[in-house]
Amino acid sequence: MGGVDDDEPPSKRVKASSLDLESLSDKSTLSEPIIPLGGSMARPLPSQGNEDIIGTKGVIRKVEFVRIITKALYSLGYEKSGAVLEEESGISLHSPTVDLLRNHVLDGNWDESLIALRKIGLVDENILKSASFLLLEHKFFEFLERDQVMDALKTLRNEITPLGINKKQTHELSSCIVSPSQRVLLGFANLGIDTSNSRLKLLEELQKLLPPTIMIPERRLEHLVEQALNVQREACYFHNSLESLSLYTDHSCGKDQIPSRTRQVLQSHRNEVWYLQFSNTGKYLASASNDKSAIIWEVHENGEVSLKHTLTGHQKPVLMVAWSPDDRELLTCGMEEVVRRWDVVSGDCLHVYEKTGLGLISCGWFPDGRRFFTGVTDKSICLWDLDGKEVESWKGQRAIRTSDMAITKDGKRIISMCKESAILLLDREAKFEKVIEEEQTITSFSLSIDDKFLLVNLVNQEIHLWSITDDPQLVMRYKGHKRSRFVIRSCFGGSDQAFIASGSEDSQLIIRNGYCRNHPAEPIGDTLLCCIYGIGPQVI
């Protein structure tokens, strides 16, 4: 059941080595208590006797810890609390020189600001010059706002130009003297109206430029907490929740987060079910069958599913269905036959699309909902409007007699099988094509909701995960399902589409921890989470 690649990102290597579902705990939190602030975590390690280090691991510097908390208090608007913490701890957020620099900037004392900047003790000359440029640039524009053109010109000639950096920007500054409209382009219009805010933004720019030991980055504490939560989430094999993670406890999901029990059996088809697709909002489910019909099911708020419409009229088995972007209409495609467009509310057939002497084998909506694509038995791809007019066509080997077709949400790329072992990525706007070549025959494929990944099912009982953002790249191989006679499909699902579900001819539905969105190019271990038994050919 394992993947062919065992290399995992660091956040995955901290997970439990055993995947025995029966042995894993269902508890949502770890049993180890959380130590409150002021407890042992807030005191130095007794074994070290070092008052400068806090925390049970001995890796947190007290001064940095307190300064970051102080910064967070000020950022949240708790000015008094921040000042009290500075006084009580004896640890200042900034050095006296940095405080002096900040005050001079806020007061518009530009010459004094430059003197304070030089006294900070910056080792990197490039940073010193870049910070000086920011201060002088602001000084320049404030002179212009007060119509002190000669003072602005002196600042440009005698202070900014000698720095010898940002020559393009310096040239643009000179054009601002003769062309006030240039100030708007550079984002320095109306400084006089909003001087205080512009100076605060200048401090933010300086903060990004100066080393963090001098000026702590904005929202640093939030960033650290988010990092910790992301690591916990990435380390959770069963994470499948849209709820925010709590700061009060360490995060861990139980296996009950993964669907593993049959909720309902839908049995209205009279033959094999070949294709399923939920609507974009999840309110409806459409199924296509070998019995020449399609069914629209309604999903109620309690999770129960009921039959809404049975769609009949095809003379051959229905290969696939496709929901319009607004879920008001549904396309159904017969096997080498016609495409029908249906009204979801009434269940009426709105239009039948066909090509004389040829059959249609696949369909998919264009993102605007006013056009759609079809694959044709002559291996071409056609773009139709809703009235049945053929708007555009791509001839040649663009599709084969397989029903899978996908269109990215921006409408730029059409994805279809062009050979038995190849998938075509056709860029409509850039007018170029890319091809995914497999060594084995492809039976089906599925596009992720963010259009970045493609799941490809092969005849040799493997599933390949491809990254298609740039040049196609094989990310992972999965094994374990059984296939000998039928088309086996796979799909992305779960929270952030981090899981992969696939069918199998031994009556199992296999759910895997599929791929890591934060490390899209790194192979992830092929982790079998659970199998669901007893899925029959005529039931859903």
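Helices (H or I, at least four residues) and strands (E, at least two) are DSSP runs here, numbered from the N terminus. By that count, this protein has eleven helices and 26 strands. The model is predicted, so local features need pLDDT of at least 70 and side-chain atom pairs count only at pLDDT 80 or more, while totals for chains, interfaces and linings use all residues. Residues are numbered from 1 along each chain as its sequence is written, and side-chain values use heavy atoms, with hydrogens and water left out.

Let's start inside. Of the 540 residues, 43% are buried, meaning under 20% relative accessible area with a 1.4 Å probe, protein chains only. A nonpolar core is a set of buried Ala, Val, Leu, Ile, Met, Phe, Trp, Tyr and Cys residues joined through side-chain atoms within 4.5 Å. The largest one has 32 residues, and Leu117 and Phe140 are among those with the most contacts inside it. Helices supplying at least two residues each include H4, H5 and H10, and H6 gives the largest share, ten residues. A second, separate core of 27 residues includes Ile296 and Phe372.

Now for a sheet. Four strands form an open sheet in the order S19-S20-S21-S22, with antiparallel pairing; two strands pair if DSSP finds at least two bridges between them. Its edge strands have a single partner strand each, so one side of each is left without a neighbour in the sheet.

| Edge strand | Residues |
|---|---|
| S19 | 442–447 |
| S22 | 473–479 |

Strands S20 and S21 pair over five bridges, and leucine 455 stands opposite leucine 465 in S21.

Note on methods
Buried < 20%, exposed > 50% of the residue type's maximum accessible area, 1.4 Å probe, protein only.
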